[in-house]
Amino acid sequence: MTPREFKRLQLQKLAEQKVKPHQKISNTFIENVISKNNASAIKTVYYLASILENMDLQNIQDDKIVGITINTKEMLKYTEMTMPEIKRNIKAMQETSITFVDEVQDIIEGMSLLPRYKIIAGKHRIEIDIYSRIGKMIIDVKKNYTFINTKTLMSLKSKHSLRLLPVLNRIAQYSDNIGKRKKYELEDLNDLFGTAYKRLQDIERFILVPVKEELDMNSKLTFLHEINFDNFDVGRPKATTITIDVIDNSGSLFAI
């Protein structure tokens, strides 16, 4: 589900409930974490989630800060990242904030993803302070990737591959009498990948083709895609949507 589709679904639910939204997040968590970084950012978040999910954060108030100690040797082995990549992403998270808006009580609240971090190179340790509320969101991010083998996840280099995989998984879960395919407009794909391309052909060339190559090599789920054109009876046919078909990596197309 793209951010655009999620917003549309939320608006529909609110209309059905006939209630005013109590609270919203003004900027999406994943967008804040990885839109300006490479795939190592989501790997950092995934590793933090593996620690946080054992801390019973549900019993800790959202505005309380909890401390985490990371063994960098273990993190390097788990994520297959380099120490400069880890440092870069920890710093990027520390410089990123999320704004929460309570429309009923007219309250705006901002939180840094990481209020404090301390890298102790000589002891192979990183100390982090994080709000309980942010920790819960990080755990939710990991839930988008629980269907992926950890080794597969850590082998992916492209943030676009990491964004598309949860989408492919959701499509693959469609019931047997529904085709494992979905059409996307240009705006939907730009929302999904955090890009601003003007043409579907650019999405195909710069994102879908390299992502397919990476997933073909590393993932059990991959895809086929096709650009759909409309003629409108005037001039050259115009690209309107891209259809994505989910396939397994043995080359078998899911039943449609």
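**Before selecting anything**

This is a predicted model, in which local features need pLDDT of at least 70 and side-chain atom pairs count only at pLDDT 80 or more, while totals for chains, interfaces and linings use all residues. Residues are numbered from 1 along each chain as its sequence is written, and side-chain values use heavy atoms, with hydrogens and water left out.

**Stop 1: the whole chain**

Show the chain as a cartoon. The protein chain has 10 helices and 9 strands; helices (H or I, at least four residues) and strands (E, at least two) are DSSP runs, numbered from the N terminus. Of its 256 residues, 41% are buried. Buried means under 20% relative accessible area, exposed means over 50%, and partly exposed lies in between (1.4 Å probe, protein chains only). Contact means heavy atoms within 4.5 Å. Among contacts between residues at least 6 apart in sequence, 62% join residues at least 24 apart.

**Stop 2: α9 against α10**

Select residues 186-193 for helix α9 and residues 200-218 for helix α10. Two packed helices are described by the angle between their axes and the distance between the axes. Here the axes come within 10 Å and cross at roughly 30°. Axes are lines fitted to C-alpha atoms, for helices over the stretch in contact, and angles run from 0 to 180 degrees between N-to-C directions. The angle makes α9 roughly parallel to α10. Angles under 35 degrees count as roughly parallel, over 145 as roughly antiparallel, 65 to 115 as roughly perpendicular and the rest as oblique.

The crossing of α9 and α10 is left-handed, that is, the near helix is turned anticlockwise from the far one by less than a right angle; clockwise would be right-handed. Now show side chains: L186, L189, N190 and F193 of α9 meet L200, I203, I207 and L208 of α10. By class, this contact has 7 nonpolar residues, 1 polar residue and no charged ones. Ala, Val, Leu, Ile, Met, Phe, Trp, Tyr, Cys and Pro count as nonpolar, Asp, Glu, Lys and Arg as charged, and the others, Gly among them, as polar.

Stay on α9 and colour by accessibility: its buried residues are D188, L189, N190, L192 and F193. After α9 comes G194, with a positive phi near 70°.

**Stop 3: α8 against α10**

On the α8 side the contact is made by H160, S161, L164, L165 and L168, and on the α10 side by I207, L208, V211, E214 and L215. These residues divide into 7 nonpolar, 2 polar and 1 charged.

**Stop 4: I126**

Select I126, in strand β6 (residues 125-131). At 0% relative accessibility, I126 is buried. Leaving aside neighbours within four places in sequence, I126 is in contact with I68, T69, I70, T72, M83, I86, K118 and I119. For a distance label, pick the C-alpha atoms of I126 and I70: they are 5.0 Å apart, although the residues are 56 apart along the chain.

**Stop 5: K136**

Move to K136 in helix α6 (residues 132-143). Is K136 buried or exposed? K136 is buried, with a relative accessible area of 16%. Not counting residues up to four places away in sequence, K136 touches L57, Q58, I60 and D62. Its C-alpha atom is separated by 7.8 Å from that of Q58, 78 residues away along the chain.

**Stop 6: T243**

Select T243, in strand β9 (residues 238-248). T243 is buried at 7% relative accessible area. Its side chain makes a polar contact with the side chain of N228 (2.8 Å). A polar contact is a pair of N or O atoms within 3.5 Å; within protein, one must be able to donate a hydrogen and the other to accept it, and residues adjacent in sequence count only if both atoms are side-chain atoms. Beyond four places in sequence, T243 is in contact with R181, K182, K183, L224, H225, E226 and N228.

**Stop 7: two loop residues**

Finish with D56, in the loop between α3 (40-52) and β2 (65-71). Phi of D56 is near 50°, a positive value in a residue other than glycine. D56 is partly exposed, with a relative accessible area of 46%.

Then select H124, in the loop between β5 (116-120) and β6. Phi of H124 is positive too, near 50°, and H124 is partly exposed at 36% relative accessible area.
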